[in-house]
Amino acid sequence: MLFFAAPILFYLFALNSGLAEGWEEKRTRMIDVDLKPRGITSPEVLKAMMNVPRHEFVPENIRGLAYADRPLPIGEGQTISQPFVVAWMSQLLVIEKGMKVLEIGTGSGYQAAILAELEARTFSMEIRPNLARDVKIRLNLLGYEVHVRQGDGYYGWKEHAPFDRIIITAAANHVPLPLLDQLKAGGKLILPLGNVRYYQNMTLIEKDSDGEFHTSQHGQVRFVPMVGAAQE
Ligand code: SAH
């Protein structure tokens, strides 16, 4: 009996662990085809992108598309960003081990998991209660230590401020002032800044040791709009 059952059990195990579907191969291809040739060179970011199982962050019925370089719907009209953009924002932020990082717009939790893989102390805020509830469970199950709070990220997370890095993963037409206040001197903040209905520019803001801000732009992107106080 065991003679017949063993291959079946192994197959079920393989299917469940992603071996049969080749998740790892798909991730390797994503890195070789979509990330490295387009300028993702940070070994830490590449390693994090290799380690995080993106298929666990997308709805089950579209898992097959998890390693395509495109955003995907995650419910409530929101999207998980495309892998290249996640890697690119992470690389532009130059995250070092132990840094305190605040993300605005937890969504699926994928970017937050990348931050956790980079060994940042990761804090993330999500305004939509259902997404916040689901993402807390998902990150927990996958073993990622991320502090998630439901609320409007426009005001930041005062109790844990200041932050070394802040990443806003929703489009805004201005930089939320409370977030600039909660950035450490020497810190960096990144956001898609521009017209929230059309395109935005990937904008990096660096706060120098005198508290002065320096801005650089890194090309056009398209994100879902930041809602709440950002729209008032
Ligand atoms: N970083 C996410 C994708 C973000 S999609 C990921 O890796 O999957 C943008 C997210 O920002 C959505 O989940 C949306 O609900 C959230 N959001 C929009 N406005 C917000 C605000 N003011 N504060 C916190 N989250 C916000």
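Predicted model: local features only at pLDDT ≥ 70, side-chain atom pairs only at ≥ 80, totals over all residues.
1. An N or O atom in the side chain of Glu 126 is 2.6 Å from an oxygen atom of the ligand. In the side chain of Thr 169, an N or O atom is 3.0 Å from a nitrogen atom of the ligand.

2. Surroundings of the ligand. How many residues surround the ligand? There are 26, and the closest are Ser 108, Glu 126, Arg 128, Asp 152 and Gly 153.

3. The largest pocket. The volume of the largest pocket is about 560 Å³. Its lining comprises 36 residues, and those nearest the centre are Thr 79, Thr 169, Ala 170, Phe 223 and Val 224. Two or more lining residues come from each of strand 2 (78-80), helix 4, strand 3, helix 5, strand 4 and strand 9 (213-221). Sorted by class, the lining holds 17 nonpolar, 14 polar and five charged residues.

4. Which element gives the largest share of the lining? Helix 3 (residues 43-51) does, with four residues. The lining includes Glu 44, Lys 47, Ala 48 and Asn 51, together with Lys 97 and Glu 119. By class, three lining residues are nonpolar, one is polar and six are charged.

5. Salt bridges in general. Side chains of opposite charge can pair when their charged atoms come close. A search of the whole structure gives nine salt bridges. Three of them are described in the points that follow.

6. Lys 97 and Glu 119. These two residues form a salt bridge in which the closest N and O atoms are 3.7 Å apart. Lys 97 belongs to the loop between helix 4 (83-93) and strand 3 (100-104), while Glu 119 belongs to the loop between helix 5 (110-117) and strand 4 (121-126), so the pair ties together parts that are 22 residues apart in sequence. Lys 97 is exposed, at 66% relative accessibility, whereas Glu 119 is partly exposed, at 44%. Both residues also line the second largest pocket.

7. Lys 188 and Glu 206. A salt bridge joins these side chains, with an N to O distance of 2.8 Å. Because Lys 188 lies in strand 7 (residues 183-194) and Glu 206 in strand 8 (residues 200-207), the pair ties together parts that are 18 residues apart in sequence. Is Lys 188 buried or exposed? Lys 188 is buried, as its relative accessible area is 15%, and the cut-off for buried is under 20%. Glu 206 is partly exposed, with a relative accessible area of 29%.

8. Asp 32 and Lys 36. The side chains of these residues meet in a salt bridge, at 3.8 Å from N to O. Asp 32 has a relative accessible area of 42% and is partly exposed. Lys 36 is likewise partly exposed, with a value of 45%.

Note on methods
Residues numbered from 1 in each chain as written. Heavy atoms only, no water. Salt bridge = Lys/Arg side-chain N within 4 Å of Asp/Glu carboxyl O. Buried < 20%, exposed > 50% of the residue type's maximum accessible area, 1.4 Å probe, protein only. 1 Å grid on protein atoms, 1.4 Å probe; cavity = no way out; pocket = protein on both sides within 12 Å on 5 of 7 lines; lining within 4 Å. Points joined across faces, edges and corners; volume = space filled by probe spheres on them. Nonpolar A, V, L, I, M, F, W, Y, C, P; charged D, E, K, R; others polar. Near = heavy atom within 4 Å. Polar contact = N/O pair within 3.5 Å; in protein donor to acceptor, adjacent residues only side chain to side chain.
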